[in-house]
Amino acid sequence: MSEGQGLLTLVCRRSVGNTADALATAMTARGIAVYGRIDMAARAAGAGTSLRPMELILFGDPAVVLPLIGENPMAAMDLPMRALVWEDENGDVWITYPDAVFLVERYALDQKVAGDIAAIRRDLAAVVSAAAGV
């Protein structure tokens with residue numbers, strides 16, 4: 001897994017579509033709401049251009065997200081969270097998602113409101129790893 005600029009990236013063993021399906025299923029099974037999926041390549045095709053396969057998934061737990069936004073409304077710029085499942089120029093598939101620790105730091109959120117960020121980070125990493133097939 002690579003880290004940088006508040007983002008975590010993990011290589012996948014599945015196609016973009018299969019990984020996105022697996023991620024949405026794994027999140028739902030853990031009680032994480034999936035608010036939407038955007039097929040960016042399909043949107044690009046509809047606009048007369050092209051992108052490599054990629055899907056953006058919006059997700060979160062309202063019980064966790066809403067208190068954070070209540071503490072700092074600017075946190076809504078990054079919440080609900082997003083995961084991008086994308087294919088690179090070599091045909092490799094990746095999942096990139098925000099590091100929960102970075103979001104707490106970025107918006108100077110109270111650790112009491114944010115809860116156990118280490119646990120959230122660990123749980124999200126487990127869901128992403130399962131979806132990636134690693």
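Biologist: What is the bridge partner of Val11 in β6?

Modeller: That's Trp94. Bear in mind that this is a predicted model.

Biologist: Thanks! And how many bridges join β2 to β6?

Modeller: Five, with β2 (residues 7-11) and β6 running antiparallel.

Biologist: How many bridges are there between β5 and β6?

Modeller: Four, and that pairing is antiparallel as well. Within it, Leu84 stands opposite Thr96 of β6.

Biologist: What sits between β5 and β6?

Modeller: Five residues, and the two strands form a hairpin. Gly91 is in the turn, with a positive phi of about 90 degrees.

Biologist: How many residues of β6 are buried?

Modeller: Five of the six, so β6 is largely enclosed by the rest of the structure.

Biologist: And Trp94, where does that fall?

Modeller: Trp94 is partly exposed: its relative accessible area is 23%, and buried would need under 20%.

Biologist: OK, changing topic. How many aromatic pairs does a search of the whole structure find?

Modeller: One. Trp86 and Trp94 make up that pair, which is stacked, at 6.1 Å centre to centre and 25 degrees between the planes. Trp86 is partly exposed too, with a relative accessible area of 22%.

Biologist: Nice. On to pockets: what volume does the largest pocket have?

Modeller: About 360 Å³. There are 18 residues in its lining, and Ile32, Asp61, Val64, Met81 and Ile120 lie nearest the centre.

Biologist: Which elements give two or more residues to that lining?

Modeller: Those are β4 (54-60), α3 (62-71), α4 (100-106) and α6 (117-132). The largest share comes from α6, with four residues.

Biologist: What does the lining of the largest pocket look like by class?

Modeller: It has 14 nonpolar residues, one polar and three charged.

Biologist: And how much space lies in the second largest pocket?

Modeller: About 170 Å³. It is lined by 16 residues, and the closest to its centre are Leu7, Asp78, Arg82, Tyr97 and Pro98.

Biologist: Which elements give two or more residues there?

Modeller: β5 (81-87), β6 (93-98) and α4.

Biologist: Last one: how does the lining of the second largest pocket split by class?

Modeller: Ten residues are nonpolar, three are polar and three are charged.

Note on methods
Residues are numbered from 1 along each chain as its sequence is written. This is a predicted model: local features need pLDDT of at least 70, side-chain atom pairs count only at pLDDT 80 or more; totals for chains, interfaces and linings use all residues. Side-chain values use heavy atoms; hydrogens and water are left out. On a 1 Å grid over the protein atoms alone, a cavity is a set of points where a 1.4 Å probe fits but cannot get out, and a pocket is an open set with protein on both sides within 12 Å along at least five of seven lines; lining residues have an atom within 4 Å of a point. Grid points are joined across faces, edges and corners, and a volume is the space filled by probe spheres set on the points. Ala, Val, Leu, Ile, Met, Phe, Trp, Tyr, Cys and Pro count as nonpolar, Asp, Glu, Lys and Arg as charged, and the others, Gly among them, as polar. Rings of Phe, Tyr and Trp (its six-membered ring) pair if their centres lie within 6.5 Å; planes under 30 degrees apart count as stacked, over 60 as edge-to-face and the rest as tilted. Buried means under 20% relative accessible area, exposed over 50%, partly exposed in between (1.4 Å probe, protein chains only). Two strands pair if DSSP finds at least two bridges between them.
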